[in-house]
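The following paragraphs examine the salt bridges of a predicted model and then one of its helices. Please keep the sequence and the structure in view while reading.

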Amino acid sequence: MPENSTGDDLNSVLIPQQLGINKYGEGMQLLIWMGVFFGCFILAQTISGIIILSHYKQASIQVIISDTGDLNVLRVAQMLASLLGFLLPAWLFSKLKSQNVFSYSNADIRFHPLYLLLIPALIFTFYPIIDVSFYVNKIMPWNNWMKDSQKEYKAIVDALLADKSIFVFALNFMTIAVLPAICEEWIFRGTLQKLLSERQNIHVAVFMSSVLFSLVHAEFSGFLPRIILGMLLGYLFYYSGSLWLNVFAHLVNNGTQVILMYLNNLEIYKTDLDNPEMPQIWEVIVYTIAFMVLWYVFYRSSQRNKKSNFVTVD
């Protein structure tokens, strides 16, 4: 797929300032974003809860997940929660910002096929930094916040991933990898970061959207690693100018975890994703150098593509 990225600068020119909510200041637009997002998020959780209660006749997660053969309704409820809680507000807010839902969030911009190889390599070489941040997170005061809900969340994920059926694996891949990649990237990078970057320094926009991205997951044992991963995704979006590149990167990260857990269940490859090993110093150094080289290739490639495809607007 040839890249057709023109970057955030051109996109901002293409959005008339008087269109939709653009006539309001940044603070008011941010409040509107929060209203749309949290309104849809609460609606999604409510509908998801009703579906779960209607089928399982109870709200006890421990009882529900005790029967791992009857979790497909839970998976469907989670899919709907992703669609209604993340994708719906992203589309609604994009519509308020622009007549074209896809253009505002850079969802109409493709990326170069080179990135199909480059992005997985970038994420793989970034993992040691994520692992180090996991250990740093352990000594932070927030690590034990909402501990009971974190245990419940982990129990749900473990139960969903426990089945060895290839059909269930496909459902898990859709539930945990595909839909979150599309829905979460559209709302946090495609709308929130995009909105913040209109007035704020891009580094501030990336950081703030990454913090909220991590907070919404309400899983504080991985709070810092998720912020760092979110910042990587934020810069990928900023420099590539393509929402779909971010969706692919998010999919690679989540999909890898689903695949590794499935292989672990089949006893083909043993892994413990909840307790990654602390990388050796030499591993951090080597992988970081490799990441920097790959990032330079990505950066130079993205800048060349932006310049070659930039179109001036009268």
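A residue is called buried when its relative accessible area is under 20%, exposed when that area is over 50%, and partly exposed in between. By this criterion K154, at 37% relative accessibility, is partly exposed. D158 is likewise partly exposed, its relative accessible area being 29%. These two residues form a salt bridge in which the closest N and O atoms are 2.7 Å apart.

The position of this pair in the sequence deserves attention. K154 and D158 are four residues apart in helix α7, which covers residues 147-160, and therefore about one helical turn separates them. In general, an α-helix has 3.6 residues a turn, so residues three or four places apart point the same way.

The structure holds four salt bridges, and another of them joins the side chains of E185 and R189, with an N to O distance of 2.7 Å. Here too the spacing is four residues, within helix α8 (residues 166-196), so that E185 and R189 are about one helical turn apart. Both E185 and R189 are buried. A further salt bridge links the side chains of R226 and E219 at 3.1 Å, N to O; both of these residues are buried.

Helix α11 comprises 23 residues, 243-265. From its first C-alpha to its last, α11 reaches 33 Å, close to the 33 Å expected at 1.5 Å a residue. The N-terminal end of α11 is capped by S242, which places a side-chain oxygen 3.3 Å from the backbone nitrogen of W244. Just after α11, E267 adopts a positive phi of about 60 degrees.

Note on methods: Residues numbered from 1 in each chain as written. Predicted model: local features only at pLDDT ≥ 70, side-chain atom pairs only at ≥ 80, totals over all residues. Heavy atoms only, no water. Helix = DSSP H or I, 4+ residues; strand = E, 2+ residues; numbered from the N terminus. Expected span 1.5 Å × (residues − 1). Polar contact = N/O pair within 3.5 Å; in protein donor to acceptor, adjacent residues only side chain to side chain. Buried < 20%, exposed > 50% of the residue type's maximum accessible area, 1.4 Å probe, protein only.
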